[in-house]
Amino acid sequence: QVHLVESGGGLVEAGGSLRLSCAASGSTFSSLALAWYRQAPGKQREQVATGTPGGRIDYTDSVKGRFTISRDNAKNMVYLQMNSLKPEDTAVYYCNARRTFNDYKIGPNYWGQGTQVTVSS
């Protein structure tokens, strides 16, 4: 079992920045693939950024160049730095973890409770 707790959401004006944090516990953190997803009202949950223990990182096209995912294995933390925020980034953001084998994701998804990000125009 992996327990995830997000923080750092809030209200920001367009063009501003926020940093989301996610604290993980319950598993060997360094072996987890970590990701951030978001879900806007009336839309499906989408993967925003993901990173594997081996260093493979991927972003959805709409956030490339603006968002950065990072991890601190010593603190069991994963972050999402969000710059140049747009109103369309408004959503509930969820931290996600999966165990890996040879840097490939395996097993169930673990989710945090979500944190609201609202970007005003």
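I started at N102, which sits in the loop between β9 (91-101) and β10 (104-111). Strands here are DSSP runs of E, at least two residues long, and helices are runs of H or I of at least four, numbered from the N terminus. A note on what I'm looking at: this is a predicted model, where local features need pLDDT of at least 70 and side-chain atom pairs 80 or more, while totals for chains, interfaces and linings use all residues. Residues are numbered from 1 along each chain as its sequence is written, and side-chain values use heavy atoms, leaving out hydrogens and water.

N102 has a positive phi of about 50° and is not a glycine. Most residues other than glycine have a negative phi. I looked up its cover too: N102 counts as exposed because its relative accessibility is 60% (buried is under 20%, exposed over 50%, partly exposed in between; 1.4 Å probe, protein chains only).

Next entry, N76. I found N76 in the loop between β7 (67-72) and β8 (77-82). N76 is not a glycine either, yet has a positive phi of about 55°. With 25% relative accessibility, N76 counts as partly exposed.

Then I checked the whole fold. I get 0 helices and 11 strands for the protein. The radius of gyration is 14 Å, close to the 14 Å the globule rule gives for 121 residues, so the protein is as compact as a globular protein of that length (C-alpha atoms; the rule is 2.2 Å times the number of residues to the power 0.38). Buried residues are 41% of the 121.
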